[in-house]
Amino acid sequence: NKIYKRDTRVLQDELNRKILDSLLDFTRKCSSARQHSDWASQMRANEIPTAALVLGVNVPDHDITFQSLSELLHQSVTPHVASVEAKECGGTQLKVLERLMDTVVDDDEEEETEHTSTQLHKSVNCSLSALCDWYITKTKVGGQSTTEHERQQQPPVVIIFKDLEAFNPRVLRDFILICSRYIERLPLMFIFGIATSPSTIQRMLPHSVSSLLCIELFQSLSCTQHLATVIDQLILTPQFPFKLNAKVMQVLLSIFLYHDFSVRNFIKGLQLALLEHFHSQPLSVLCCKKKEALLNVMQLSHRDLERIRQLPSFKRYVEKQESQEQVNLITDDSHLKETCRKMIKGLHKYHKNYYPILKCLHTLTSALPRYPLGKQIRELHLTCLEKNVWENEDYQSAMKLLKMLAKDDLIALLQRCGEILKPVKSKKMKSTAFQLEELLTKFKQLDSNEEDSITSPIKNLQKKTDLFQLQKTLLEMNETRRSKKLSPFEILRNEALEFIDSLVKSHLSPPESQTLHEVCYYSSSATVRRHLNATPRTSIQAALSSPYYYLQNENLKTEDGTVSNAAPDICIAYKLHLECGRLINLYDWLEAYATVVSAADGNDPDSDGYGKVDEVKHARFIRSVSELEFLGFIKSTKQKTDHVARLTWGGC
Amino acid sequence: MTALLQHPGYDEEKLRRVAEQLPCREVQAGLLLSLMGEPQQYSYPSIFIYGHRASGKSHVLHVLLKELELHHATVSCVECVSVALLFEQVLLSFFGCDAASLLPRSPSLSDFVRIYRQQPVTMETSSHQTVVLNPVVEDNVTVILLSEIVWDKFRPNTGCFEPLLLHFPDYSKGELQQILSQDRHPSYSAEFYSSYINILLGVFYSVCRDLRELRHLAALNFSKFCEPLEEGKVKETDTHKLWRNIEPHLKKAMQTVYLREVSSLQWEQMQLMEEKEAGALRGLSAHTHVELPFYSKFLLIAAYLASYNPARTDKRFFLKHHGKIRKTNFLKKNEKTSNHLLGPKPFPLDRLLAIFYSVVDSRVAPTASIFSQISSLVTLQLLTQVSHDDQLDAPKYKCAVSLDFICAISRTVNFDIVKYLYDFL
């Protein structure tokens, strides 16, 4: 599944291309503007061209963007690109400079080692003047051979500030002030990566500094749009045989929406699910392209076939068959293989039809008021995955709304559906596309007929001027309307909607209804949640209250709610402290602890030493108490002597 | 212009060139020259020049030193973060690389003086902004300090040799006009440009007297001013028509460009677009909308509540069966003023989380990503950490967003924040 990973990468690049292209244009323009010596640009000469790139709050995604940005810049505009992060440049602008020198100069040394920059790089003091000198010598060397290529002669030095918000404003201010002093000799350019809103620039920099910059704004795609395209390309396509079931999808989406907005993390979650699926499900050998899958079916061993027989979806399938067929399926391996091949084919066909129809339904419903089936296609997809959509209440209301659509809207929507269906290669979709075409032509034919039918009653009205007659005709017209004499358009509309309804019913059934869906669908949402959404506190509590969960020692196995005597000291102390109130008397706690531990040592309950606190027990107790304090369950208090305060509440 | 600088020590021709380059600053230049004396004379050891931004301090000095061919080094103190850098730059500009490379790794003042003495003849030092370089070098050196701030702010406790103070006053309107008229467009006559400047000053002089800013504005709007001229509608002399044409335009410019909300490039593009989509171009501050994840929004709301409500009122807002607390009884004396006037108060992490859990409708597991969202809010500068970074337990935060912002955020999640704010009870 390397293809999968490569594709995500390609996709990311694709998404960023638009904004990156505009940025590249900007840099080119800036660097060329420097060469033009017309009056206006001379007047502007001491402004540093700056691109403010608004990227949204999904900070983890930015790395990829900046990486491809600097690569692109490197390739097409200038060899001098440095990107700095706030983390690396903590205190002073010196650090910024150091970092800058490092990257800019380093990049170059790799290319031509004989250059003098080595000496400069080694020098203790990094300053912009040194950088400037280096730049001048550098461009001179390049410029001697080709004087006509004036632009290559002075490539701009691009500095990327990856996370503007995190920078210390003072540092940034000073840095920009310094840079502006050198702008005449050194063609600098800034790119600010902004996560929140562009007004942060004004908040961070005083006017005297921001007037030195010539800022242009670039807005990147919002992360929800970004996600929509990712889902469209990776999940809503029959190309990838690997699928997520509703719950897993839900987990991934909720992490995205509720927690981080990070598309990169979403893709990582997807990859994790992929790995888990291939790792835990032996039948996932069949989860590949159709041809390979069919081949793999023939190579299944007896054990694998047994596994297939165990699958719940397969059992359901068997139950529906005739008794003879049932026996055949359960006993005869080669017969089973044949059936499997059929089922795999069926599954692939299902996927091929599912997605186009899903998209059609989405185009139809997403235009409706109040979005009964969701604004985004992912919401519709989720409902389809969960159960039969057509049983859903929202679906019914959506259909009702569709039945009230005006003609032009309906035709436009149906045309869009037709466009979705056309490129699909399966036979069924071709026929549906054809049927849709027919419907559309019928709609168009209506145009001429309809005009007559609408105008006719009004004509009648004008003829009869008598009041009584008028009343009568009006009543009649009401009657006719009530008696559901539908206009041809309405009939056709109902026909069209029934057609769509039938399509939905035949193709949008949830994957659970398909036999062998376990092969392609990953369903363990708990695993994904546990891996992606860490809960440090609950795991600490789980470890303390039931140590068996992590230690897997048979001695520790107990009925729920109790702790074995043999548990680690801290677990016993924790358990005992749960029984106390807000303030815990240390001595009582120690006594209780000693009793429990003595039982564990196997002492005779009647003997003298039972429950006595000896030095070892005392020490062990103190240690576990301080460990609990370290974990934040208790803290020392001055309210009462020999007491500690409990920091959590609840318990037994 | 004719009040020529006169000084016995220098060439007449040079002095005339200097005077040409320094309009409206003849007096100051003359004063400086007389302070420095003739080339072979000893000069006053230190001079402190102050005045507002863009009042020609560096320019005057630069032109003087350059045209009269005096040895000098110009150092910006913002740039020299360490003494070593300062020394290196001074030596570099006086004697070239060789001397500068003699400096040891972490040089002291005496190192500097030692190397300085080894070198041959020297003349003047001029330093930008603020440094107190003790004139220990027993040579003919003048340290000239330039600053926007008065000398009193810099005077060291231990006392030092008082420099001569020299003030550069702001330019008057006439002077501004004279200076701005100098950088005229090559393809138009000088009178035409100066009439343009006259109009420009008429609009902007009341709000802005910064020479640099005015120059920027003049450059930006000139092409618009020339437009009717190029179309052949108006002659150069017809100032009244030109004025009518440019005036509404300048008024618009006053709103956006002066704040540099719209970059000069974009401004030019907009002028080309012929105001068809005048509304399409929005300034930087127009984009204030920030998209946040669902729980981040609630965390921010909780932080805002924690920052602006007194901690004692939490019980009233977030418990189901709170007793009725009347505001008047409840107030302490100092709390009578609005909390919003006092600004955000720091709050501990526990309180933030407690409010967060009661504000969010659904049950939220205390996962690691909730905590990481808090820290990412800090990096986005929507929250600020009040306690030191090293303090790991019980960190304290402040909410750094405005009421409008938080209202917009809470509207997106259907949360009526005003109901929970103590100030608006």
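**Note on a predicted two-chain model**

1. Confidence in chain B. The mean pLDDT of chain B is 72, and 68% of its residues reach 70 or more; pLDDT is the predictor's confidence in each residue, on a scale from 0 to 100. Over residues 120-139 of chain B the pLDDT stays under 50, and the model has 68 contacts for them beyond four places in sequence, a contact being heavy atoms within 4.5 Å. Residues 273-285 of chain B are also below 50 in pLDDT, and this stretch has 22 contacts beyond near neighbours in sequence. For the complex, the predictor gives an ipTM of 0.76 and a pTM of 0.74.

2. Conventions. This is a predicted model, in which local features need pLDDT of at least 70 and side-chain atom pairs count only at pLDDT 80 or more, whereas totals for chains, interfaces and linings use all residues. Residues are numbered from 1 along each chain as its sequence is written, chains are lettered from A and ligands numbered from 1 in the order in which they are written, and side-chain values use heavy atoms, with hydrogens and water left out.

3. The chains in outline. Chain A has 30 helices and 10 strands, while chain B has 18 helices and eight strands; helices (H or I, at least four residues) and strands (E, at least two) are DSSP runs, numbered from the N terminus. Of the 652 residues of chain A, 46% count as buried, and of the 425 residues of chain B, 47% do. Buried means under 20% relative accessible area, exposed over 50%, and partly exposed in between, with a 1.4 Å probe and protein chains only. Among contacts in chain A between residues at least 6 apart in sequence, 74% join residues at least 24 apart. In chain B, residues 24 or more positions apart account for 65% of the contacts with a separation of 6 or more.

4. Helix H2 of chain B. Which residues of helix H2 (residues 26-36) of chain B are buried? They are Glu26(B), Gln28(B), Ala29(B), Leu32(B), Leu33(B) and Met36(B). These residues lie on the same side of H2(B), because they cover an arc of only 165° around the axis; the arc is that of the directions from the helix axis to the C-beta atoms. An α-helix has 3.6 residues a turn, so residues three or four places apart point the same way. The buried residues of H2(B) pack against helix H1 (12-21), strand E1 (46-51), helix H3 (57-67) and strand E5 (164-168) of chain B. Gly37(B) follows H2(B) and has a positive phi, near 75°.

5. A sheet in chain B. Three strands of chain B form an open sheet in the order E6-E8-E7, with antiparallel pairing; two strands pair if DSSP finds at least two bridges between them. Strand E6 (347-348) and strand E7 (383-385) of chain B stand at the edges with a single partner strand each, so one side of each is left without a neighbour in the sheet. E7(B) pairs with strand E8 (residues 396-399) of chain B over three bridges, in the antiparallel sense. Gln385(B) stands opposite Tyr397(B) in E8(B).

6. Aromatic pairs. Over all chains the structure holds 19 aromatic pairs. Rings of Phe, Tyr and Trp (its six-membered ring) pair if their centres lie within 6.5 Å; planes under 30 degrees apart count as stacked, over 60 as edge-to-face and the rest as tilted. Tyr593(A) and Phe621(A) form a tilted pair, 5.4 Å centre to centre with 45° between the planes. Both Tyr593(A) and Phe621(A) are buried. Phe298(B) and Phe415(B) form an edge-to-face pair, 6.1 Å centre to centre with 80° between the planes. Phe298(B) lies in helix H12 (residues 294-308) of chain B and Phe415(B) in the segment after helix H18 (403-412) of chain B, so the pair ties together parts that are 117 residues apart in sequence. Both Phe298(B) and Phe415(B) are buried.

7. Two single residues. Leaving aside neighbours within four places in sequence, its contacts include Ile235(A), Met249(A) and Tyr354(A). Leu341(B) lies in helix H15 (residues 339-342) of chain B and is exposed, with a relative accessible area of 73%.
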